[in-house]
Amino acid sequence: MASVKSLYEPNSKAGNALHTNLDVEYVINYRFATTGKAQAEEQFIKLIQALNDVGLATEVRNSENCSLLIFVKVASDKHLKAEVYRSRVQDWLYGVRTAAPEKDMQKAINDEPVTEAERLRLTYMLITKSKGDGGAGITPKEGEWKGVESIFALHDHTFNKAWIKDITSKYFLNAEDLVAIKDKFGEKIAFYFSFLQSYFLFLTFPAGFGAFAWLILGQFSPIYAIINGLWCIVFVEYWKKQETDLAVQWGVRGVSKIQRKRPAFQHEHIMTDPITGEDVKIYSPAKRLARQLLQVPFALGAVLALGSLIATCFGIEIFISEVYDGPFKAYLVFLPTVILTTVMPTLSALLTGFASRLTDIENYETQDAYEAAMISKIFILNFITSYLPIFLTAFVYVPFAQIIVPYLDVFQLAVMPFAENEKQMSTPKVGFQINPDRLKKQVIYFTVTAQIVSFALEVLVPFAKRKVFHKVKEVQADRAAKRGGDAGTVSMEDHPEEAEFLTRVRNEAELDVYDVTTDFREMVVQFGYLSLFSVVWPLTGVSFFINNWIELRGDALKIALETQRPVPWRGDSIGPWLDALGFLAWLGSLTSAALVYLFSGDGLGPSGTPWNIKAWGLLLTMFFSEHIYLAVQLGVRKALSKLDSPGLQKERSERYLVRKKYLEESLGWEKADDAATGGIAAGEKFSPSALEEEARQSTLNGHGTPEERFWGRQRGQVETIAIGKSFIAKAAPQEGKESKKEL
């Protein structure tokens, strides 16, 4: 993969490898290291034929570790224009576009040129949509396509170079920058950068006011708590309006109505919609609800598992730092951190895998519904791991330390090998003094240190994972070679004109897939710290302001250099993360009020004894704070939009009739189908005169462009299949041939 240096400095060795994609739209990485030759060939032929049948041109090249690179593009401009036009008509029929496209397809395309994101999105859908919906039905690593490891578009390194240079040389992104991101990477990623930019700009107020509060008002200031709560409400409400405005400007408002069907959805039966007359695949809502109710025990189990781990480490840390007085105390105090850093990732990965499996069982029909369900589960896990330690300190340690500490003798086992006598491990029965700075230090850790560590891991972990996975694939290829395959260096067989280009493609094939959900999660969790706990340390806003300036540019570098080019999906909002922001803003009104009530005054709080806490005063403070929040919060969201009615049924019926009539009269399914069906000629026959004329034209035109030569080396699917089979025959292990070690 290209580095920052390779993007900025000329490299004569790489030639034009970073400056042209040779008209390639997608690359399919097909691996057969764990399959036999016959099965690999059968799957490969089926793959090429499936792509060909939906009007996609293919070229195949050999790759490393028993894999092939299949290059894909739409075979004809006519077919691409038909897909673009059909998509835009669909947008108009679903209310995404306010005006219908021109009846003349060519004029409509000329008036509104196809963006790169639109072209790549529609091509990807041609590859992955089910055959019933007009696609090839290729789903990586699923079903019959387990040999398809990934489908990815190639990076536009010319754009990446200009983008990185531009974004790192300015303080703020403007509207043109966001449009450029939208046209290159799609609306979903553009919404993320717009959200991060808006959040960054809004942080100027809590950063400035937080610095003032830290200098003048001090921590646990009621004034800071009130103003910070109002800021959270203003930001969330502003973003709701902002994302609607962006959706209108970008022409995607309401695009979430056009749902992407999940290939993994399993219906029970098909019934006719009484309103539209369409055949609809049905899965029992009662069964789905029953499976969705499993989220309750999942949440309780996650709280129990993660909470027990965090509480145990919390108790050990309290015992070592404030009770234990023996040798190696300065080192043993890091024991809870070691336990958390080793056990927590494994436990979180197990729970995340369980959450994914649970979401699969819920059997959602559309991709948006599936992602929303998965995000809700991920949010629960991140809420526990991110906020529970601070909740334990603020609402357990500070009020109840003198009651709890005498019972921490159970943690003597952690230090017993190092203690010299029993006295060094004895917990005081009376007179224990809590550490008044513990809460502030913990907030500082999560809002400063943890942010730096997280940013560093974003850079280092993907690199380490690529190294490990590459080594695993090398081992698999070596095992295949011992069984009769060929694990030689494939780059030696590359055409000289394509060698650097193919090297670059092979490097990009090893990169991780970019998931914008991960970046959204990081920002939402950060917002939670500001909403819930910044009253403890008012400089929280300053830390986040600095971090997010770096984060925005770091995420751009991550997309351009550390991950495969993302599929440019559309979206009309930030999705379920908006609900998470609203929840955290509401919860912040409760926690801030409770913290101010407990700690205002001397800032020391109850000092480990709950006897001076007036429960009625605490509850009344939280009650008034919540109702003030609800008074400022406007309206109940989305309630009416979930209800069906006769009016909505009539609208659905009328919209269906309009769609059906318009498609028949203006586009015609026959016209679109003609462009997509029939595939590409199965190996065209050329007469000597035709070849001579082609050679003459090639000479007159300077022997053609690199793109023309790249796509002209294999004529039709027959040659593609033949060459691919020769690669497989050379590299795949032979059936029945075992290595001596395996024997």
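**Close-up views of selected contacts and helices**

Phenylalanine 545 has a relative accessible area of 26% and is therefore partly exposed; buried means under 20% relative accessible area, exposed over 50%, and partly exposed in between (1.4 Å probe, protein chains only). The model is predicted, with local features requiring pLDDT of at least 70 and side-chain atom pairs counting only at pLDDT 80 or more, whereas totals for chains, interfaces and linings use all residues. Residues are numbered from 1 along each chain as its sequence is written, and side-chain values use heavy atoms, without hydrogens or water.

**View A. Aromatic pair of phenylalanine 200 and phenylalanine 545.** Because phenylalanine 200 belongs to helix 8 (residues 187-202) and phenylalanine 545 to helix 19 (residues 540-562), the pair ties together parts 345 residues apart in sequence. Helices are DSSP runs (H or I, at least four residues), numbered from the N terminus. Phenylalanine 200 is buried, at 3% relative accessibility.

View B. The criterion is NZ of Lys or CZ of Arg within 6 Å of the ring centre and within 35 degrees of the ring normal. Arginine 260 places its charged end over the ring of tryptophan 569, 3.7 Å from the centre. Lysine 73 lies over the face of tryptophan 711, at 4.8 Å from the ring centre.

**View C. Helix 5, residues 116-128.** The 13 residues of helix 5 should span 18 Å at 1.5 Å a residue, which agrees with the 18 Å between its end C-alpha atoms; the expected span is 1.5 Å times one less than the number of residues. Of these 13 residues, 11 are buried, and helix 5 is mostly covered. Among the buried residues are Glu118, Arg121, Tyr124 and Met125.

**View D. Alanine 372 and proline 576.** Although 204 residues apart along the chain, alanine 372 and proline 576 have their C-alpha atoms separated by 5.9 Å. Alanine 372 is located in helix 15 (residues 367-404). With 29% relative accessibility, alanine 372 counts as partly exposed.

Key
Rings of Phe, Tyr and Trp (its six-membered ring) pair if their centres lie within 6.5 Å; planes under 30 degrees apart count as stacked, over 60 as edge-to-face and the rest as tilted. Helices (H or I, at least four residues) and strands (E, at least two) are DSSP runs, numbered from the N terminus.
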